[in-house]
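Please walk me through this structure in the viewer. Tell me what to select at each stop and what is there.

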Amino acid sequence: MTGPTLLFDLAAFRANVRSLAATAAPARCMIAVKANAYGHGMLPFALAAVEGGAEALAVLEVPAGLELRGAGLSVPLFAWLHGRDTDFGAAITADIELGVSSTAELEAVVAAAIAVGKPAGVHLKVDTGLHRNGASPEDWPGLVSAARDAELAGWLRIAGLWSHLADASPEDDAAALAEFQAAIAVAAGLGVENPFLHLAASSAGIREPEARFDQVRFGIAAYGISPFDDIDGRGLGLRPVMTFRAPVIAVADGRATVAAGSADGVPPSVLTASGCGAWVLLEGVRREVVDIHIDTLELDLGEGSAHIGDIATLFGPGDDGEPTAEEWAAWSGSIGDEIVARASTRAERVYRG
Ligand SMILES: *Cc1c(COP(=O)(O)O)cnc(C)c1O
């Protein structure tokens, strides 16, 4: 081992998915594998999610969905972030359900459905306060009516109504929930009866049973990282999936040089005034990080010693005293999602379990 290694525990991931699916039940468990499965690797984690009991997968963009279909996955797939060049026809042909936020987007989807001669499965999105996308409450009736017209014409199936919570505070979530209920009532008035409903991601899916509706879209929790700052993944009965290791490549003057640095996603902010230090497990002892370079970091060995080839664990599940990604997030003023998603893209990746 000469550079960083990322170890992925697929058995832990499947167990997390199983536990989250049980939490969500009877609501359907959708697992998000967007952003290359939060840096873990989309395809192996999509397969493991299905093995663990995910009934549907969220991919963000159509090309990722096409890749999963190409690899033989047959579960429901959901993509909702579209650009001007998104190939809706390919998505419809591949049975990828589409989140739609505006009448312009709806028109493009319907045109594609007509072109490929197959109705599109569409989930209409209402904005309930996040303001990222989704129809505003003012635009919502127009979007629903246009979708109903296309449904009656046979080019579209309203497969669901949905929104996304900001998770800023319980009060914000309660307000968003009320807005979602109002949007459902508006749609019912326009003839959308008994729609499939989904709102919650990891955080509301775990803590707010009334936000689960027909499906929870779990992301980060499935990777063993808590969506909350008052409890970690282990406290939620989840197991961190990613372990980040790198070897010692030099020892001198009471310091060990480890072959992982900022280019590998180690956040230098832990060493700035706002950071609060960082530690790495080396031969069973947590050693303080005293410097971070582009592709190395330095550990203070104190009175201890180290040898070239010793393996440092930057983060992992925490079983042997190594830090977790959540600890790095706290040390660097970041969130666990970012720590794992940025972890070494050049690292050797080892999947096991
Ligand atoms: C990322 C995402 C999720 C999953 O969010 P987590 O907080 O990681 O669980 C669910 N739904 C949408 C629309 C998302 O963008």
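The tour below goes from the core to a helix pair and then to the cysteines. Keep in mind throughout that the model is predicted.

**The core**

Begin with Ile 31, Leu 124 and Trp 328. In the largest nonpolar core, which has 115 residues, these three touch the most other members. Next select residues 10–24, which form helix α1; with seven residues, α1 gives the most to this core. In soluble globular proteins, nonpolar side chains tend to be buried together.

**Around Trp 328**

Now centre the view on Trp 328.

**A helix pair**

Select residues 140–152 for helix α7 and residues 170–189 for helix α8. Their axes come within 10 Å and cross at roughly 40 degrees. The crossing of α7 and α8 is right-handed. To see where the two meet, show Trp 140, Pro 141 and Val 144 in α7 together with Ala 183, Val 186 and Ala 187 in α8.

**The cysteines**

Last, select Cys 29 and then Cys 276. Is each of them buried or partly exposed? Cys 29 has 1% relative accessibility and therefore counts as buried, while Cys 276, at 46%, counts as partly exposed. The structure holds zero disulfides.

Terms used
Residues numbered from 1 in each chain as written. Predicted model: local features only at pLDDT ≥ 70, side-chain atom pairs only at ≥ 80, totals over all residues. Heavy atoms only, no water. Disulfide = S-S within 2.5 Å. Buried < 20%, exposed > 50% of the residue type's maximum accessible area, 1.4 Å probe, protein only. Core = buried A, V, L, I, M, F, W, Y, C linked by side-chain atoms within 4.5 Å. Helix = DSSP H or I, 4+ residues; strand = E, 2+ residues; numbered from the N terminus. Axes fitted to C-alpha atoms, helices over the stretch in contact; angles between N-to-C directions. Left-handed = near helix turned anticlockwise from the far one by under 90°. Contact = heavy atoms within 4.5 Å.
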